[in-house]
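Reader: I would like to learn how to read packing and charge pairs in a model. Please take me through the features one by one.

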Amino acid sequence: MSSTAPSRHPPAFDPRQVPVLPGAGAEVLEAVPAGRLTAEGLRERFARSPVWTPELVRERRFTDRAPAPAAVLIPLVVRDRLGLLLTQRTAHLSTHSGQIAFPGGKVDAEDRDATAAALREAREEIGLEPGHVEVLGSLPEYVTGTQFHITPVVALVRPGFTLLPNPGEVDDVFEVPLDFLMDPANHRRHGFEWNGEMREWYSMPYQEGAIERFIWGATAGMLRNLYRFLTA
């Protein structure tokens, strides 16, 4: 008899091969207005947060791992066209190996709060010094299928920084234009059945020259929530 109980390890699959769900994207959604995708526009939105509801809060469980508090930094580099700093995780990591992610990780006992954890992790993972970072606020907690309870911390990053990626955790660091990510025309919804349940997620593939940056899963889910926040 097969069991539908969560296993200790999520299934291995290539997310690029999972089809887009029929009817996905049928809802007509507008891109975030350009004026809101500036440093001043973001400061204004976080200073006067609207009443809104996140679209994605909790993924279906993949594992029986105990819940763990975590935090990520959503670092938006202040340029003429704001860019989101993302990392490509190394292939040997125990969770989310090889995936595109925000800098972040578990909240340690020594961290004052989730914001402190996100800033510490960004410094440890990619060498981003807090002196270049202006924290704007946080999005609602996002729970992954691997049982990380993540607080996404949104921040502006002043240019002039030097990044030093930790080779034990990060294969690459790159930027994606924020306006690309905040246009739902670039959002896809995928789904497949595992252990008798339909599991769905968003992807936001970004073509950078010959390289496809396949942003999906929790990273895309938190970006979808940022989209909902900015259009509320």
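Reader: Start with a helix. Which residues of α1 are buried?

Author: Two terms come before the case. Helices (H or I, at least four residues) and strands (E, at least two) are DSSP runs, numbered from the N terminus. Buried means under 20% relative accessible area, exposed over 50%, and partly exposed in between (1.4 Å probe, protein chains only). In α1, the buried residues are Ala39, Gly41, Leu42, Arg45 and Phe46. They sit on the same side of α1, because their arc around the axis covers only 165 degrees. That arc is taken over the directions from the helix axis to the C-beta atoms. Glu40 and Ala47 are exposed on the other side of α1.

Reader: What kind of model is this, and how are residues counted?

Author: This is a predicted model: local features need pLDDT of at least 70, side-chain atom pairs count only at pLDDT 80 or more, and totals for chains, interfaces and linings use all residues. Residues are numbered from 1 along each chain as its sequence is written, and side-chain values use heavy atoms, with hydrogens and water left out.

Reader: Which elements do the buried residues of α1 pack against?

Author: Contact means heavy atoms within 4.5 Å. The buried residues of α1 pack against β1, β5 (133–138), β7, α3 and α4.

Reader: Now the cores. Which residues touch the most other members of the largest nonpolar core?

Author: In soluble globular proteins, nonpolar side chains tend to be buried together. A nonpolar core is a set of buried Ala, Val, Leu, Ile, Met, Phe, Trp, Tyr and Cys residues joined through side-chain atoms within 4.5 Å. Here the largest core has 41 residues, and Leu181, Met182, Ile215 and Leu223 touch the most other members. Two or more residues each come from α1 (39–47), β1, β2, β7 (148–157), β8 (170–177), α3 and α4 (217–231). The biggest share is from α4, which gives eight residues.

Reader: What does Met182 touch?

Author: Leave out residues up to four places away in sequence. Met182 then touches Ala31, Val32, Leu37, Leu223, Leu226, Tyr227 and Leu230. There is also a second, separate core of 18 residues, with Ala118, Ile126, Ala155 and Val173 among them.

Reader: Next, charges. How many salt bridges does the structure hold?

Author: A salt bridge is a side-chain nitrogen of Lys or Arg within 4 Å of a carboxyl oxygen of Asp or Glu. The structure holds 15 of them. One joins Arg81 and Asp179, at 3.0 Å from N to O. Arg81 lies in the loop between β1 (68–77) and β2 (83–89), and Asp179 in helix α3 (residues 178–181), so this pair ties together parts 98 residues apart in sequence. Asp179 is partly exposed, at 33% relative accessibility.

Reader: Where do Arg120 and Asp108 lie?

Author: Their side chains meet in a salt bridge of 3.3 Å, N to O. Arg120 is in helix α2 (residues 114–126) and Asp108 in the loop between β4 (104–106) and α2, so the pair links parts that are twelve residues apart in sequence. Arg120 is buried, with a relative accessible area of 13%. Asp108 is partly exposed, at 33%. Salt bridges with shared partners join Asp108, Asp111, Arg120, Glu121 and Glu124 into one network.

Reader: Is Arg48 buried or exposed?

Author: Arg48 is exposed, with a relative accessible area of 57%. Glu44 forms a salt bridge with Arg48, the closest N and O atoms being 3.0 Å apart. Glu44 is partly exposed, at 41% relative accessibility.
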